[in-house]
Amino acid sequence: MARIHDVSVPLVPGLPAYPGDPPLVVEPVQRAGEAPYGLSRLNLTTHSGTHVDAPLHFVAGGMAVDALPLEILIGKARVVEIPARERVDRADLEALDLRDDLRVLLKTRMSGQLLKPGYQEDHVYLTGDAALYLTQAGLKLVGFDYLSIDRFGDASYPAHHALLGAGVVVVEGLDLSGVESGEYDMTCLPLRVSGGDGAPARVVLRSRG
């Protein structure tokens, strides 16, 4: 039987948020046993935890998250492990021969780090040239294992602009620590936020073969 891997992080209080963004809050409103049914209130952003960036996140008039084609969000995905300590460069990606892939998930030293408290400002990031290469290679979806694909503090956001400007879907906040490099069947379903610039998502990988 094929194994199914949940590569999304749980939405728990204290989950790191991008600096300046409101934190995730899970607030019980009433509890079963004390009331007829349990009910909680969620306060979160469209980019909390594992989430999808739609082009509208950085491109005025770009496609919203509820308009993203399911054909892009569901299908074969390739997990590639990159041992970079600081950044993913174009040369790192050129060596992978991604021309026949539509979806690639980049596994770095950051996988599993979202389960630790505090935003890690020295996280691995994708250079603008590397992001441009991914668009040139024909990728339609790029996944990353921390909250942002761009270097912290770079207000020009070159990787976001390169990918989202080309209509590439970006999935951030993945936890790929439990999966090996290789091909999987991916299901990535962001919340259907009408007109949203992004949305939290549940992402699962199913082993192939």
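**Notes on the predicted model**

1. Let me start with overall size. For 209 residues, a compact globule would have a radius of gyration near 17 Å, and the protein chain has 17 Å, so the two agree. Please keep in mind that this is a predicted model. Along the principal axes, the C-alpha atoms fill a box of roughly 60 × 45 × 35 Å.

2. The protein chain contains four helices and 12 strands. Of its 209 residues, 45% are buried. Among contacts with a separation of 6 or more, 74% are between residues 24 or more positions apart. The accessible surface of the chain is about 10300 Å², and carbon and sulfur atoms contribute 52% of that.

3. L39 belongs to strand β3, which covers residues 39-43. With a relative accessible area of 40%, L39 is partly exposed.

4. The loop between α2 (90-94) and β7 (103-107) deserves a visit, and D101 is found there. Is D101 buried or exposed? Its relative accessible area is 6%, so D101 is buried. The side chain of D101 makes a polar contact of 3.0 Å with that of R78. Leaving aside residues up to four places away in sequence, D101 touches R78, G138 and L139.

5. D97 sits in that loop between α2 and β7 too. Most residues other than glycine have a negative phi. For D97, however, phi is positive, near 50°. D97 also meets R99 in a side-chain salt bridge, with an N to O distance of 2.8 Å.

6. Another backbone to check is that of Y157, which has a positive phi of about 45° although it is not a glycine. Y157 is placed in the loop between β9 (141-144) and α4 (158-165). Its relative accessibility of 24% makes Y157 partly exposed.

7. Now for the charged pairs. Side chains of opposite charge can pair when their charged atoms come close. How many salt bridges does a search of the whole structure find? The search gives 12. One of them joins the side chains of E94 and R90, at 3.0 Å from N to O. E94 and R90 are four residues apart in helix α2, so about one helical turn separates them. E94 is partly exposed, with a relative accessible area of 42%, and R90 counts as partly exposed at 22%.

8. My last stop is the pair E183 and R208, whose side chains meet in a salt bridge of 3.9 Å, N to O. E183 lies in strand β11 (residues 182-190) and R208 in the segment after β12 (198-207), so this pair ties together parts that are 25 residues apart in sequence. If you inspect the distance, note that a salt bridge here requires the nitrogen within 4 Å of the carboxyl oxygen. E183 is partly exposed, with a relative accessible area of 40%, and R208 counts as partly exposed at 41%. The pair also belongs to a network of salt bridges that links K76, E183, D185 and R208.

Definitions and conventions
Residues numbered from 1 in each chain as written. Predicted model: local features only at pLDDT ≥ 70, side-chain atom pairs only at ≥ 80, totals over all residues. Heavy atoms only, no water. Helix = DSSP H or I, 4+ residues; strand = E, 2+ residues; numbered from the N terminus. Buried < 20%, exposed > 50% of the residue type's maximum accessible area, 1.4 Å probe, protein only. Polar contact = N/O pair within 3.5 Å; in protein donor to acceptor, adjacent residues only side chain to side chain. Contact = heavy atoms within 4.5 Å. Rg over C-alpha atoms; globule rule 2.2 N^0.38 Å. Areas by Shrake-Rupley, 256 points an atom, 1.4 Å probe, with all protein chains shown as cover.
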